[in-house]
Amino acid sequence: MEKKVNFLIAGAQKAGTTALHAYLNLHPEICMAIPKEVHFFDNESFFAQNTVDYSLYHKAFPPNPTHTLLGECTPIYMYWQNAPKRIWQYNPAMKIILILRNPIERAFSHWNMEFSKNKERLSFWEAIYNEQQRCQEALPFQHRVYSYIDRGFYSKQLQKMWRYFPKANTLVLRHEDLKTSPQKTLDEVFGFLGVEKLTPIERQTIFATPYIGDMRIEEKNFLLDIYEDELSRIEKLLNWDCSGWRK
């Protein structure tokens, strides 16, 4: 029997998942997938039949004798409607790591990435103002490119994940903590995964797409208004103070 994957970095996109992946890649007990994003549980074609061929998934993991854990990082898993159930069906003991970023900043970073890849030609304002209408073209699934605002409604994504996995099997981190206090954050991650802590951790430099420009105050206020209730829900769910996300 093939060894099952033990943990996933399941989101959120543009919230530091690439950095966390790079840090975990340094650990001698952890085998991370190649490529970084396998996109198994959000691939509808893999689940079109009654029997799922998990050997396709396991091909992404090349463990060596020191590896005790297999891990993968595909940030859309948190957002993809069908992913949590599929992950649970594969491994109900899976540990899930989620990183949350100010959803306003996340949306702008997401748009900037898609624009730089030529997958988006609208301005940020046009993209967020018309998002709901544009995303209808992907129904009944979520839109992988234009979901700038929708991906930031973390509370419903967390609740869906908790429907399948106990909270003890999920670790929810702040993007800003990983960025400013990587050692402390990684100690928490290593403890969650049950592996030895790495100290001192070697700070990883991750390439980030340069921003085309700055977000305009009108755009920020538009998003603040949209996310106001959501930020309150996140604070209640996680016992967080999100006042910094409102500035």
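Helix axes here are lines fitted to C-alpha atoms over the stretch in contact, and angles run from 0 to 180 degrees between N-to-C directions. Keep that for the first stop. The model is predicted, so local features need pLDDT of at least 70, side-chain atom pairs count only at pLDDT 80 or more, and totals for chains, interfaces and linings use all residues. Residues are numbered from 1 along each chain as its sequence is written, and side-chain values use heavy atoms, with hydrogens and water left out.

**Stop 1: α4 and α10**

Select helix α4 (103–116) and helix α10 (217–238). Helices (H or I, at least four residues) and strands (E, at least two) are DSSP runs, numbered from the N terminus. The axes of α4 and α10 are 9 Å apart, at an angle of about 130 degrees. The two helices are therefore oblique to each other; under 35 degrees would be roughly parallel, over 145 roughly antiparallel, 65 to 115 roughly perpendicular, and the rest is oblique.

Now show side chains. Pro103, Ile104 and Ala107 of α4 meet Lys220, Leu223, Leu224, Tyr227 and Leu231 of α10. Contact means heavy atoms within 4.5 Å.

**Stop 2: α3**

Select residues 83–90, helix α3. Which of its residues are buried? They are Ala83, Pro84, Arg86, Ile87 and Tyr90. They cover an arc of only 165 degrees around the axis, which puts them on the same side of α3. That arc is taken from the directions from the helix axis to the C-beta atoms. Buried means under 20% relative accessible area, exposed over 50%, and partly exposed in between (1.4 Å probe, protein chains only).

**Stop 3: ring pairs**

Rings of Phe, Tyr and Trp (its six-membered ring) pair if their centres lie within 6.5 Å; planes under 30 degrees apart are stacked, over 60 edge-to-face, the rest tilted. The count comes to 24 aromatic pairs. Pick Trp88 and Tyr164: their centres are 6.2 Å apart and their planes at 45 degrees, so the pair is tilted. Trp88 lies in α3 and Tyr164 in α7, so the pair ties together parts 76 residues apart in sequence. Trp88 is partly exposed at 37% relative accessibility, and Tyr164 is partly exposed at 21%.

Next, select Trp111 and Phe115. Their ring centres are 5.0 Å apart with planes at 35 degrees, so this pair is tilted. Both lie in α4, 4 residues apart, about one turn of the helix.

**Stop 4: a charge over a ring**

The charged end of Arg121 sits over the ring of Phe115, 4.4 Å from its centre. The rule asks for NZ of Lys or CZ of Arg within 6 Å of the ring centre and within 35 degrees of the ring normal.
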